[in-house]
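Please view the sequence and the model first, then read the notes below.

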Amino acid sequence: MTTSTTPNPPRHVDVLVIGAGIAGINAAYHLKHSRPDTTFAVIEAHESYGGTWLIHTYPGVRSDTELYTLGYSFKPWTGPPYASGEAIRTYLGETIEEFELTSHFFYNRKVVSAQWSSEQQLWRLSGTDSSTGASFEITTNFLWMCHGYFNHDKGYTPDWPGLDEFEGRIIHPQRWPENPDLGGKKVVVIGSGATMATLVPEIADECASVTVLQRSPTYFFQSPNVEPLADQLRSLDTPEEWIHDIIRRKSVAEMKSLTDIQQQFPEMSASALISMVAAQLPDGYDVASHFTPRHLPSEQRVCRILDGDLLKKISAGRVTMVTDEIETFFRGGITTKQGTTIPADVVITATGFNLSVLGGISFTVDGSEVDFSKSVTHRGILFTELPNFAWSFGALRLSWTMRIDLVSQYLCRLLAHMEENHFGVVQPVVYPEENSPLHEFINSSQFNPGYAQRSRNLLARSGSTPEWQLSLDFWAESDQLPDANFLTNSLQFSSRGKP
Ligand SMILES: Cc1cc2nc3c(=O)[nH]c(=O)nc-3n(C[C@H](O)[C@H](O)[C@H](O)COP(=O)(O)OP(=O)(O)OC[C@H]3O[C@@H](n4cnc5c(N)ncnc54)[C@H](O)[C@@H]3O)c2cc1C
């Protein structure tokens, strides 16, 4: 297993990757294999690798998509398709070791500012070493942001009325305490998404009561945690690399069919999902209130329940659903707008994330502060206003990693193009007449998770053509991105050493 020692990073690298989660490890793999002469480092604020899968330790934390696609194309997944946070982190650690990436990773280093100099054609980054409190600096020609999409320091908790008066304990799953002390307690879990659905079955039996308080319901798909084709192939002694590739292709094809069906037949998809849940609940259960979402299935991720665990706990009377809004907290619990009083010793706020805009780093270009919301994205990877800068943003309709992999390959190709042509700088240039009006970074009519809705004004904009948009269509993008031409008016290159 990779250790988390923190040697000093080099003073300068050709490419600097920020973040040692799924995306940063993927970037490191591709840099090492496609750009063997490029120097690079991965700088990580936490004490170790894993990102999402390091900081989330709440009971039941696991993937919501299967690991044949959440894992990497180059490292077979050999366990059950849906995996615990710990198993995912083990897989990521093995990846770092197996592909000899360890020496490129530098932990406990939080980058706080980045300054671009056009004259020097480089970024100067500074930050703090959290293990010593000392500051550090590093320069790079190309900055590759793999900071994910949510702020790791603090989860999102709405500012509910009366919160200060509540005398019980409040826990956000993003910072799960070592001793939550839930035994025999009246617990309210606020939230409706994947975190709620995975946490609640795990704690339901130890608590005196568990009430899920949700403002609006989510779609659930339920399945066992098995992949019969993988098991069959394994029984035939098929090499793990083949099994991984076959199941990965199968999953991507299935997700495509599902997405097409959800988009072409939204009402039918909605009622099929709702019926699947209703079939697992006792006769007469109020499915209309608690499991009939107001959005369409294609607009947010459909959460997965394994072996019906959440529904079994509801059916057994261990979990009560309340679909309503919070009126106020009081000393002993919560009152809802429709007048329900829910007593609580502990409230778990599974209410999601705060968006991380540029990893909390303040950016300047030639001394001028960058306002990210004024920049326009090129393919959801590069950004106007930010030279030699990229963000690995993953897939939203299937496993995050599937798009991360495409982006890594695109960026390695871009770096090769720059080297071959002696270019020192690349920057997208948007022509307003071709690109107005501007739109949101994530098109909310197609996909509208809460964190993006709450922070849409902070993110970069999209233009009117696919070249200027974050694609939500992985299948189209996986055809286009590998051949995307860099000789386009919208990418401006400057020769090396000539600003
Ligand atoms: C509980 C949970 C379950 C999920 N399940 C799935 C799933 O099943 N399928 C799926 O596709 N997605 C899932 N996701 C989304 C998940 O976040 C992504 O799949 C993926 O793990 C994100 O990887 P990442 O490397 O892009 O970002 P992250 O995992 O967020 O890692 C980013 C890293 O960058 C570091 N960083 C940020 N800013 C700085 C800075 N200024 N200086 C230094 N370091 C910095 C952070 O410390 C962090 O380690 C889930 C998310 C959660 C929270």
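**Confidence and overview**

The chain has a mean pLDDT of 94, with 98% of its residues at 70 or more; pLDDT is the predictor's confidence in each residue, from 0 to 100. The model is predicted, so local features need pLDDT of at least 70 and side-chain atom pairs count only at pLDDT 80 or more, while totals for chains, interfaces and linings use all residues. Residues are numbered from 1 along each chain as its sequence is written.

- Over residues 1-5, pLDDT stays under 50, and the model has 9 contacts beyond four places in sequence for them (C-beta atoms, placed from the backbone, within 7 Å).

**Ligand surroundings**

- The ligand is surrounded by 33 residues, the closest being Gly19, Gly21, Gly51, Gly148 and Gly359 (a residue is near if its C-beta atom, placed from the backbone, lies within 6 Å).
- Two or more residues of this shell come from each of helix H1 (22-34), strand E4 (109-117) and helix H5 (194-203) (DSSP runs numbered from the N terminus: helices are H or I, at least four residues; strands are E, at least two).
- H1 gives the largest share, 3 residues.

**Packing of H1 and H11**

- The axes of H1 and helix H11 (residues 400-420) come within 9 Å and cross at roughly 35 degrees (lines fitted to C-alpha atoms over the stretch in contact, with angles from 0 to 180 degrees between N-to-C directions).
- Among the residues that meet are Ile22, Ala23 and Asn26 in H1, and Trp400, Thr401 and Ile404 in H11.

Definitions and conventions:
Contact = placed C-beta atoms within 7 Å.
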